[in-house]
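Please open the structure in your viewer and keep the selection panel at hand.

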Amino acid sequence: MQEYLFSEVCGWISCKSIINKDVRFSNVITDSRTVSIPSKSLFVAISGMNHNGHDYISSLYQQGVRCFLVEEDFDFSVGLDEANFLVVKNTLQAFQQLAEKKRRTYDCPVIGITGSNGKTIVKEWISQLVGNSMSVARSPKSYNSQIGVPLSVWQMDGHTELGVFEAGISKRGEMEIIAPIISPTIGVLTNVGAAHQENFVSQQEKLQEKMMLFEGCECIIFGSDSTMIRHEMYNKYPCKRFFMWGRGVDADLQVLYKKDHGTGMLIGLKYNSVEYDVLIPFSDDVSFENALGAVSALLVLGFSMEYISGMIQKLVPVAMRMELKEGINNCIVINDSYNSDLSSLALSLAFLVQQSRGKTEQRTLILSDIYQSGMDDHSLCVQINDLLKQVGVSKLLGVGSILKSHAHLFHLDAIFYDSTDELLQNVVPNSFKNEAILIKGSRNFGFEKVASVLEMKHHQTCLEINLNALVDNLNYYRSKLNDNTKILAMVKAFGYGSGSFEIANVLQHQKVDYLGVAFADEGVELRKAGISLPIIVMNPEVKSFPVMLMHHLEPELYGFKVLDQFVQVLAQEGIRNYPVHIKLDTGMNRLGFVHDEGERLFEILKSSPEIGVKSCFSHLVGSEDVGLDEFTKSQIDRFCEFTSRMEAILGYSFIKHILNSAGILRFPQAQLDMVRLGIGMYGVGGSDQVALKPVTRFKSFISQIKSVKAHETIGYNRKGELGYDGQIAIVPVGYADGLNRRLGNGVGRVMVNGQGAHIVGNICMDMCMVDVTGLLAEEGGEVEIFGPYNPVENMAEALGTIPYEVFTSISRRVKRIYYYE
Ligand SMILES: *Cc1c(COP(=O)(O)O)cnc(C)c1O
C-alpha cells in the first residue's frame with residue numbers, strides 16, 4: 001500500500017496541522033474498531049448521529065495510532081504527545097477531498113458502478129472475471145456511501161491496474177460529492193428499481209441523479225431494453241460512447257436467446273457480428289442481468305469473448321452478509337465467508353466483540369489463509385496476531401499453508417491445519433462450549449462445512465433479522481427528535497419476537513439511553529449477556545426484587561403497594577437513592593398512579609430516601625389513531641400537569657416521557673426528555689411506513705410439490721379443495737411455529753418466488769399446504785411467510801389483529817438468524 005508522510009498530506013487540502021513527530025501512514029480508518037495496522041493508520045474522526053469519532057482518539061493513541069484528522073473543536077489538551085493532527089471544519093468533507101486528491105494521481109482504468117440493485121454483485125463479478133490478469137482495487141463489501149467511497153478509493157496504489165468501485169445514494173446532492181472521488185473512466189448502470197425511492201420525487205429523478213456519476217466517463221455501459229434509461233442517456237450524454245447490452249439489434253452485446261440449462265442458463269450472444277453460446281452458472285433473471293453488466297465491462301476493457309466465456313462458468317455467488325446463528329453447546333456462531341482480507345477481518349472481529357455475551361466470554365476465530373493482502377506472509381501474520389490480541393481473541397484455528405508455516409508468530413492458544421478437510425477430521429464439535437466463534441474464510445476454503453458443523457440444527461423455518469434495517473429505523477426516529485431527547489428502546493417480549501441480547505447489543509452499540517423489558521427475567525438475561533445500559537422493568541414482581549437489585553434493574557412503580565414493598569427491600573439492604581420510574585395512569589386504566597393519588601404519592605416519595613425518582617412516565621392509549629387525537633392531547637396535558645406538580649414538591653427534576661413509536665411521529669411537541677421506541681424500530685410505522693425498512697423475514701421452504709385433482713381434498717378434516725387440477729406445495733411451518741391456524745383455508749397467503757400463494761386447507765401443527773398452481777415453484781425453494789415482499793401488516797389484517805401480536809407469536813423454536821448486509 002502506498003505510504004505518505006503526514007506532513008506531505010497536510011498540503012493536499014486547506015487545513016491547520018499539528019505535527020509532533022512526522023510519520024508515514026498508508027491506511028485510513030473511520031471506524032475505531034477496525035484498526036488493523038495502528039502505526040500505519042490515519043484515523044478520521046467523524047461525528048455521526050450515534051457516535052462521535054473524537055471520543056475514541058485516546059484509546060486509538062494507546063493502540064499506536066499517531067495520525068488523526070479532527071474537527072476544530074477537538075480538545076487537544078489531553079496528553080497525546082506524539083500524535084499528529086490535521087484540523088478542519090468538517091472531517092468527512094476533508095476526507096473526501098483527500099481521497100479525490102489521491103485518486104487523481106492514478107491513471108489506470110476505473111469502473112464506477114451505480115444503480116438500485118446489483119452494484120455489489122456486478123463489482124464482485126467483474127473482479128472474479130478479471131481474475132489474476134490485472135491487479136484490481138475494489139470497494140470492500142458494499143462500501144458505496146459518502147464514507148464508503150473514499151475508503152474504497154483509498155485502496156488504490158501504484159500496483160493497481162484497475163479500480164472497480166460502487167456508488168450508492170439515498171438522496172439528492174450525494175452523487176455530486178462522490179462522483180469526482182471515483183472519477184470513473186468506464187461507467188456501469190445496473191438495474192434501476194424502487195430501492196431507496198423515498199427521498200426522490202420519481203424514478204426518473206433518481207436515475208438522473210445516479211447518472212451524474214458518468215460525467216467524466218469515456219464509455220457508459222447499460223441495458224438498452226429499458227426505454228426510460230435509453231431516453232435519459234441519449235438526452236444527458238448525446239456525445240458519449242455507449243456500450244449497450246440487450247435484445248435490440250442496436251445493442252453492442254446482443255442477447256439472441258436464453259434458456260435453462262441444468263442448474264444454470266445458456267445464453268446466445270452476438271458481439272462484433274460473431275455469435276457465441278455462453279453458459280452461466282445461475283438460472284435467475286437478476287443474475288442474468290448482473291452477469292451481462294459484468295461481461296460488458298470486460299469487453300470494454302478489451303478482454304476477448306473467448307476468455308470471458310471460459311471465466312464466466314466459474315462465477316460464484318457473492319456472500320453479501322455476515323450471519324449470526326445460535327451454535328451448539330450455547331455457542332454463538334458468526335459466519336462471514338465474504339472474500340477474506342485484513343480490513344474485512346477487522347470488521348468481522350468488531351462484530352464478534354459486539355456480539356460476545358459479557359467481557360469474559362471466550363472468543364474463538366476459525367480463519368483461513370488470506371490472499372492478495374499486498375504484503376509478505378510474515379508481516380501479514382504478525383498483523384493478524386496483533387489484531388487478535390487487540391480484540392481479545394483467545395483461541396485460533398488456522399487453516400492453510402501460510403498460517404501453518406508461520407505458526408510461531410501467533411501468541412495465543414492456536415492450532416493449525418493444512419486444509420479444511422483436515423480441520424473437519426480433527427476437531428470434535430462438542431469441544432466448543434459457551435464461546436463466541438467467528439468463522440472467516442476465503443471462499444475456496446469451503447468454510448460453509450465448518451459452519452454447518454457448529455451451528456445448531458433446527459428445522460429450516462427461520463426468522464431472519466436484518467440488523468442494518470434495525471439501525472436505519474432507529475436513526476429515522478432519531479432524526480425526528482430534538483437534540484436532548486433521550487431514547488428508551490423497548491425490547492420486551494424477546495425484542496418483539498426478534499431476539500433479546502442480539503438486539504440489545506446492537507442498540508447498546510448505537511448508544512440508545514435506556515432499554516425497557518416487561519419482566520425481571522428478561523433484564524437478567526440481558527445483564528448476563530453483558531448489556532450495561534440502564535434497564536427499566538415494566539412489571540416488577542415482589543419476588544423478583546432481590547434479583548433486580550443484584551443486576552441493577554430499575555423498576556416501574558405503579559401503585560402504593562409495590563412502592564411500599566420495594567422501599568422495604570431497599571431499607572433491609574441499606575440501599576439509598578435507588579433509581580425508580582413512576583408510572584402514571586392518564587387514561588389507559590391499566591397500571592399506574594391516578595390523578596387523585598398525587599399528594600399521597602409525593603409525600604411518600606419525599607420521605608423515602610431509599611429511592612430516587614429517575615423518571616416519570618405515562619402511556620398513550622391510541623397515539624396512532626387520528627380519531628383519538630383529542631384524547632391523546634388530554635393525556636399529554638394531564639401528564640404535564642402532574643409531573644410539574646411532582647417536580648415542584650420533590651424539589652428535583654427527573655426524566656419525563658410519554659411517547660411511543662407512533663406518538664414520536666404524530667406528537668413531536670410532546671417529546672419531553674425521552675421517548676419510548678418500540679414497534680417502529682422493528683419496521684412497522686403506520687403512516688410513515690415508506691420511510692421504514694422491514695427488519696424481520698419469517699421464511700421457510702418447500703418440502704414437496706404434489707399434483708392434486710380438482711375435487712380431491714387437502715389436509716385434516718377434508719377442508720381444503722382447489723376446485724381445479726393443480727399443484728400444492730407442502731411447507732414445514734405450522735401453528736406450533738406461530739403460523740396462526742386461522743390463516744388456513746384461503747385466509748392467509750405466503751410468497752413463493754415473489755408470487756402470492758394461498759394457504760389451502762387447515763394449517764397443521766408443523767406444516768401447511770399452499771396452492772402453487774401456475775406459479776414458478778420448485779422443491780427446496782424459499783417461501784416468505786412475511787417480510788419485505790409480504791408485509792406483516794397483511795397477515796395481521798387477515799387475522800384481525802395487529803403486527804405486535806404476529807411478531808410475538810412466532811415460537812421460540814423458530815431459529816433466529818441475524819445479519820448485516
Ligand atoms: C411497549 C411499550 C412501548 C412501545 O410501544 P410501541 O407502540 O411499540 O412503540 C412504550 N411504552 C410502554 C409503556 C410500553 O409498554
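Begin by selecting the ligand together with the residues that surround it: Met490, Lys492, Tyr496, His619, Asn660, Ser661, Arg676, Gly678, Ile679 and Tyr804. Please bear in mind that this is a predicted model. Colour this shell by residue class, and it divides into four nonpolar, four polar and two charged residues.

At Tyr496, an N or O atom of the side chain is 2.6 Å from an oxygen atom of the ligand. At Arg676, a polar side-chain atom lies 2.7 Å from a nitrogen atom of the ligand. At Gly678, look at the backbone instead: one of its N or O atoms lies 3.1 Å from a ligand oxygen atom. How much of the ligand does the protein bury? Taken alone, the ligand exposes 390 Å², and the protein buries 93% of that area. Now display the pockets; the space that the ligand takes is the second largest pocket.

Leave the ligand and turn to charged pairs. Side chains of opposite charge can pair when their charged atoms come close. The structure holds 33 salt bridges. Select Asp250 and Arg230 for one of them, in which the side chains meet at 2.4 Å, N to O. Where does each partner sit? Asp250 belongs to the loop between strand S13 (241-246) and strand S14 (253-261), whereas Arg230 is in helix H8 (residues 227-236). The two residues are 20 residues apart, and the pair links distant parts of the chain.

Notes:
Residues are numbered from 1 along each chain as its sequence is written. This is a predicted model: local features need pLDDT of at least 70, side-chain atom pairs count only at pLDDT 80 or more; totals for chains, interfaces and linings use all residues. Side-chain values use heavy atoms; hydrogens and water are left out. A residue is near a molecule or strand if one of its heavy atoms lies within 4 Å of it. A polar contact is a pair of N or O atoms within 3.5 Å; within protein, one must be able to donate a hydrogen and the other to accept it, and residues adjacent in sequence count only if both atoms are side-chain atoms. Accessible areas come from the Shrake-Rupley method with a 1.4 Å probe; for residues, only the protein chains shown count as cover. On a 1 Å grid over the protein atoms alone, a cavity is a set of points where a 1.4 Å probe fits but cannot get out, and a pocket is an open set with protein on both sides within 12 Å along at least five of seven lines; lining residues have an atom within 4 Å of a point. A molecule sits in a cavity or pocket if more than half of its atoms lie within 2 Å of its grid points. Ala, Val, Leu, Ile, Met, Phe, Trp, Tyr, Cys and Pro count as nonpolar, Asp, Glu, Lys and Arg as charged, and the others, Gly among them, as polar. A salt bridge is a side-chain nitrogen of Lys or Arg within 4 Å of a carboxyl oxygen of Asp or Glu. Helices (H or I, at least four residues) and strands (E, at least two) are DSSP runs, numbered from the N terminus.
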